[in-house]
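Good morning, and thank you for coming.

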Amino acid sequence: MNDFLWRLAIIATVVVLPIFYFIDENPFDTASFLSLKEKKMVAWQRARIQTSTHRTNHLKAFKDMQRNSEPLKTVNSRILIGALPVERKLLTIGISSVRRRKESYLLDTLQSLFFASSPSEQKHFTVLVHLADPDPKWCGRMTSNIATLFKSYVQARQLVVINTPLKSYLPLKGLKKHFKDTSAYVVFRSKQNMDYAFLMNFATNQSDYFLMMEDDVKCTPGFVTQIASILSAWEWRSWVTLEFSQLGFTGKLFHTRDLPCFVHFLLIFYQQMPCDYLLSHFRDLLMQKEPIQFFPSLFQHMGKYSSFKGKFNSLKDKGFVENNIGFPSNPTATIYTNLNVTNGSVLMNAYNSDKNFFYIKEARVGSHLTVVLNISAVVFRVQVLTGSELKMENQLNEGQVELGYDATNRINDCDDYTLVGFLVNGTLDKHILSEKSGKKVKCVRLLVTATLPSGLIVRHINLWIK
């Protein structure tokens with residue numbers, strides 16, 4: 001960040017005085033979707049951002065620019081196949097794809113997206129594909145393949161394919177080199193920034209959230225439910241991006257209300273650095289200091305060849321775990337409850353890994369069963385199983401699971417709780433977040449939210465820790 005701002009500060013110092021004359025003659029040599037007034041405003045705000053030494057000043061300058069910025073005028077992204085959903089969705093999953101010289105993975109990625117989602121999950125998202133290659137023959141072939149292989153999803157308005165004409169793009173000649181990149185790579189990543197910008201611009205106002213994906217990934221089954229569960233837990237907390245993959249631009253989640261700002265940010269600094277670097281600066285401007293990453297990752301890179309000149313790329317997300325993640329860890333802990341436990345019930349049976357279980361005759365609303373770990377740990381999965389395994393009786397259908405964090409060393413409880421999710425048919429099985437800052441879990445609380453008509457069986461509370 002400091003190196004980036006230092007370079008921009010030098011540029012700003014050199015050009016800030018004659019910059020408005022330059023704009024009148026050749027305003028950034030940009031495409032016509034920025035008006036002259038907007039170009040002047042961008043230039044002034046850009047210099048202001050570059051010379052500022054405090055992030056709060058950066059943020060104010062960028063927000064001032066957004067208020068004075070006109071919409072993207074001549075960007076004419078058009079739908080090739082599909083139609084936008086009638087009702088607003090929870091999630092738009094965006095993919096930008098170009099022709100690869102050796103091997104294409106887009107169709108496999110789409111197959112993984114839909115196959116990893118249940119029909120009920122698919123009702124809550126739309127997949128938006130931006131075919132961003134200038135070769136019309138490739139776009140035609142890919143459009144035809146998608147229309148044939150994913151016909152039912154296209155007809156259900158769950159899959160839309162778009163394209164943006166090359167005339168909408170900013171210049172790709174005479175770009176400045178950064179990070180010792182070759183001229184060819186600077187052109188590639190500069191165009192890629194615009195590919196993503198036009199994709200996000202089209203996705204604005206189509207859903208509540210936008211999930212950025214690359215075109216060569218595979219997905220964890222049930223990833224939509226896991227994301228929705230985490231969103232519910234983070235509903236009242238401030239964030240710019242949530243990250244469900246450690247690699248590149250894959251698995252980065254945005255509020256759609258933030259997309260217009262990020263689109264303009266990408267277009268202003270499109271030739272400065274790759275999109276994932278720009279995202280980190282954008283996040284910093286909006287006061288999110290650290291990435292908020294979730295483990296295990298929900299998406300894995302599967303491509304072997306890069307979209308840049310077909311170079312071999314074996315990069316893998318080490319945070320991605322295949323379906324078999326092993327047995328529960330269940331570290332040493334103590335269980336506390338406000339339930340009326342009789343002599344015949346063993347509370348610890350709810351946490352032990354054997355076949356025994358905990359049974360209580362009456363569980364009223366507000367009752368809880370809280371596991372307090374002896375040593376706080378990074379928990380990445382929680383599983384709660386209630387009810388009889390054979391007869392499906394004595395389930396907790398109105399209940400929720402929460403994670404607790406302890407700042408004051410309380411013995412049998414925690415200070416702050418965050419919702420993980422709600423029990424469905426008596427069970428909960430969720431992958432949950434672990435912030436990069438290393439915040440560890442001390443408590444896991446099972447809370448009864450409606451009085452049960454009969455007794456309650458808690459078979460297992462299972463935890464997986466890193």
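I shall go through the sheet, the nonpolar cores, the aromatic pairs and the disulfide.

First, the conventions. This is a predicted model, in which local features need pLDDT of at least 70 and side-chain atom pairs count only at pLDDT 80 or more, while totals for chains, interfaces and linings use all residues. Residues are numbered from 1 along each chain as its sequence is written, and side-chain values use heavy atoms, with hydrogens and water left out.

Let me start with the sheet. Helices (H or I, at least four residues) and strands (E, at least two) are DSSP runs, numbered from the N terminus. Two strands pair if DSSP finds at least two bridges between them.

Strand 3 and strand 4, by contrast, run parallel and are joined by 4 bridges, with Val 160 of strand 4 as the bridge partner of Leu 128. Strand 3 (residues 125-131) is also joined to strand 2 (residues 89-97), in parallel, by 7 bridges; there Ile 95 stands opposite Val 129.

How many residues of strand 4 are buried? The term buried means under 20% relative accessible area, exposed means over 50%, and partly exposed lies in between, with a 1.4 Å probe and protein chains only. In strand 4 (residues 159-163), 5 of the 5 residues are buried, so this strand is largely enclosed by the rest of the structure. Leu 159, Val 161 and Asn 163 lie on one side, Val 160 and Ile 162 on the other, and both faces are covered.

That leads to the cores. A nonpolar core is a set of buried Ala, Val, Leu, Ile, Met, Phe, Trp, Tyr and Cys residues joined through side-chain atoms within 4.5 Å. The largest has 42 residues, of which Leu 110, Val 127, Leu 159, Phe 223, Leu 242, Phe 244 and Leu 253 touch the most other members. Helix 10 (residues 223-233) gives the most to this core, with 6 residues. A second, separate core has 38 residues, including Val 75, Leu 128, Phe 198 and Ile 268.

Helix 10 itself is mostly covered, with 8 of its 11 residues buried; among them are Phe 223, Ile 227, Ile 230 and Ala 233. Two of these, Ile 227 and Ile 230, are touched by Phe 244. With contact taken as heavy atoms within 4.5 Å, Phe 244 also touches Leu 211, Gly 251, Leu 253, Phe 294, Ser 297, Leu 298 and Phe 299, not counting residues up to four places away in sequence.

Next, the aromatic pairs. Rings of Phe, Tyr and Trp (its six-membered ring) pair if their centres lie within 6.5 Å; planes under 30 degrees apart count as stacked, over 60 as edge-to-face and the rest as tilted. The structure holds 16 such pairs. In one of them, Phe 114 and Phe 150 are tilted, at 6.1 Å centre to centre and 40° between the planes. Phe 114 belongs to helix 5 (residues 106-115) and Phe 150 to the loop between helix 7 (136-149) and helix 8 (151-155), so the pair ties together parts that are 36 residues apart in sequence. Elsewhere, ring pairs link Tyr 196, Phe 210, Phe 249, Phe 254, Phe 262, Phe 265, Phe 269 and Phe 282 into a cluster.

Finally, the disulfide, defined as a pair of cysteine sulfur atoms within 2.5 Å. The structure holds 1, joining Cys 414 to Cys 443 at an S to S distance of 2.0 Å. Cys 414 sits in the loop between strand 14 (399-405) and strand 15 (416-422), and Cys 443 in strand 17, 29 residues apart. The link is right-handed, with 85° about the S-S bond, and both cysteines are buried. Strand 17 (residues 441-448) is in turn joined to strand 12 by 6 bridges, running antiparallel.
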